[in-house]
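The following exercises concern the secondary-structure packing of a predicted model. Each task is followed by a worked solution.

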Amino acid sequence: MSQALFEYLLRLGDDRLVLGHRNAEWCGHGPILEEDIAISNLALDLTGEAQLFLELAGKVEGLGRDADQLAYWRDETQFRNLQLLELPKGDFAFTMVRQFLFSAWSHFLLEGLIQSKQEDLKGIAAKAQKENRYHLRHASEWVVRLGDGTEESHRRAQAALDQAWPWTGEFFLADDVDRVVAAEGLGVDPSGLRPPWEALVTDVIRRATLTVPSPPMRMVGGRKGRHTEYLGHMLAEMQVVARSHPGAKW
Amino acid sequence: MTTKSESGQWPLWEVFTQPGGGKPHQHAGSVHAPDAEIALQNARDVYSRRGEAVSLWVVPSVSITASAPADSGMLFDPGNEKPYRHPQFYKTPKGIQVF
C-alpha cells in the first residue's frame with residue numbers, strides 16, 4: 001500500500017517539478033517584463049507544490065529521503081513525470097498551450113485529491129488547487145488571445161496545439177498504482193478525467209478559433225520511468241549544483 | 001483585440017491595490033497589457049504576489065487626466081497660507097476624546 005502511495009506521490013511531485021523547471025527557463029527571456037514575472041510565478045508555484053508532494057513521498061517511503069534528495073539525486077529512469085512536461089519550452093505559444101492542457105487536467109485531478117483520506121495529501125491539494133485555478137485562467141486567456149490574435153500568433157498556437165496534443169493521451173492512462181490508491185480513497189484514477197477535461201479544453205480551443213487535433217497517441221511510459229531524450233539534459237542542468245556540493249545549505 | 005501601439009509597447013494601465021477590506025484602493029504602479037483582463041493578471045503578478053492586496057483595479061493610463069506641473073504653483077501654493085482650513089482651530093466639544 002505505502003509503496004503504491006509513494007509512487008503516486010512521486011508522479012504528482014515530478015509532474016510539477018519538471019514543468020516548473022521548464023517554465024523557469026523563461027526567467028529573463030519572457031516576451032515582455034510582465035509576462036516574464038508571470039511565467040516565473042507559475043514556475044515557483046509548481047516547484048513549491050513539487051516540494052510538498054515529494055516531501056510527503058519521502059515521509060511515506062520511510063527511508064529518510066527528503067524532497068531535495070528525491071529531486072536532485074534520482075536519475076532520469078527514476079522520474080515519473082508525464083512526457084509532455086519534459087519537452088523543451090519551445091516558443092511562447094508552446095509554453096502556454098502546454099500549461100493550459102496540463103492545468104486543465106490538473107484542475108480535475110486536484111478536485112478529486114481534496115477529497116483524499118490522506119490528510120497531508122488533502123491539504124497539499126487544497127493549496128495547489130488555488131494556485132492551479134490561476135494557472136488555468138492565465139494560460140486559457142493566452143491561448144484565446146494567441147489563437148484569435150494575429151495570423152502569426154494563430155499559426156504558432158495551432159502548431160503548438162498540434163505538437164502537444166498527442167502527448168496528452170498519457171494524462172488518462174491508469175495502472176495498478178492509480179487503481180490501488182483510488183480504491184483506498186487516497187488518490188484519483190486518471191482514466192475518469194477525460195470527459196470533463198475534453199469539455200473544458202474543447203471550449204477554450206473553439207473560443208481561440210483553433211482546431212482540436214486528432215492525431216494518434218504517442219508512445220507513453222513517463223510513469224514507468226521511460227522518457228524522451230530531453231529529460232536527461234534538463235535534469236543534468238537542474239541537478240548539477242546540488243550534486244557538485246552535496247548537502248550544501250543557503 | 002488590442003494591438004501594440006506605435007512605440008511597439010502594449011498600452012499602459014495604472015494599477016490600484018486595496019490593502020485590506022474597507023480600505024481605499026491606492027495607486028501601486030503601472031503595467032503593460034494588451035487588454036483589461038491581461039492587465040488585471042499582470043497587476044496581480046507584479047503588485048500582489050506578496051499578499052499586498054485583497055482587490056485590484058486597473059485603468060487605462062490614457063483615461064487619466066493629470067494636472068500640469070507648470071500649474072502646481074497656481075493650484076497648490078494658495079493652500080499653504082490658510083492654516084484656518086486645518087481642523088485644529090475648532091474647539092472640541094466636551095466629552096469627545098478622539099476624532
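**Exercise 1.** Determine in which sense E1(B) and strand E3 (residues 55-60) of chain B pair, and over how many bridges.

*Solution.* The pairing of E1(B) with E3(B) is antiparallel and comprises 6 bridges. Within this pair, B:Phe16 lies opposite B:Trp57 of E3(B). Next, consider strand E2 (residues 26-32) of chain B: E1(B) is joined to E2(B) by 6 bridges, and the two run antiparallel. Here B:Thr17 has B:Gln26 in E2(B) as its bridge partner. Finally, consider burial: of the 7 residues of strand E1 (residues 12-18) of chain B, 6 are buried, so the strand is largely enclosed by the rest of the structure.

**Exercise 2.** Classify the orientation of H1(A) relative to H9(A).

*Solution.* Helix H1 (residues 2-24) and helix H9 (residues 229-244), both of chain A, pack at about 75° with axes 11 Å apart. Angles of 65 to 115 degrees count as roughly perpendicular, and H1(A) is therefore roughly perpendicular to H9(A). H1(A) contributes A:Leu17, A:Val18, A:His21 and A:Arg22 to the contact, while H9(A) contributes A:Tyr230, A:Leu231, A:Met234, A:Glu237 and A:Met238. By class, these residues are 6 nonpolar, 1 polar and 2 charged.

**Exercise 3.** Describe the packing of H5(A) with H1(B).

*Solution.* Helix H5 (residues 119-147) of chain A and helix H1 (residues 36-47) of chain B form an angle of about 140°, their axes being 11 Å apart. The crossing is left-handed. Residues in contact include A:Arg137 and A:Glu141 of H5(A), and B:Arg44 and B:Asp45 of H1(B). The contact has 3 nonpolar, 2 polar and 6 charged residues.

How values were computed:
Residues are numbered from 1 along each chain as its sequence is written. Chains are lettered from A and ligands numbered from 1 in the order in which they are written. This is a predicted model: local features need pLDDT of at least 70, side-chain atom pairs count only at pLDDT 80 or more; totals for chains, interfaces and linings use all residues. Side-chain values use heavy atoms; hydrogens and water are left out. Axes are lines fitted to C-alpha atoms, for helices over the stretch in contact, and angles run from 0 to 180 degrees between N-to-C directions. Helices (H or I, at least four residues) and strands (E, at least two) are DSSP runs, numbered from the N terminus. A crossing is left-handed if the near helix is turned anticlockwise from the far one by less than a right angle, and right-handed if clockwise. Contact means heavy atoms within 4.5 Å. Ala, Val, Leu, Ile, Met, Phe, Trp, Tyr, Cys and Pro count as nonpolar, Asp, Glu, Lys and Arg as charged, and the others, Gly among them, as polar. Buried means under 20% relative accessible area, exposed over 50%, partly exposed in between (1.4 Å probe, protein chains only). Two strands pair if DSSP finds at least two bridges between them. Angles under 35 degrees count as roughly parallel, over 145 as roughly antiparallel, 65 to 115 as roughly perpendicular and the rest as oblique.
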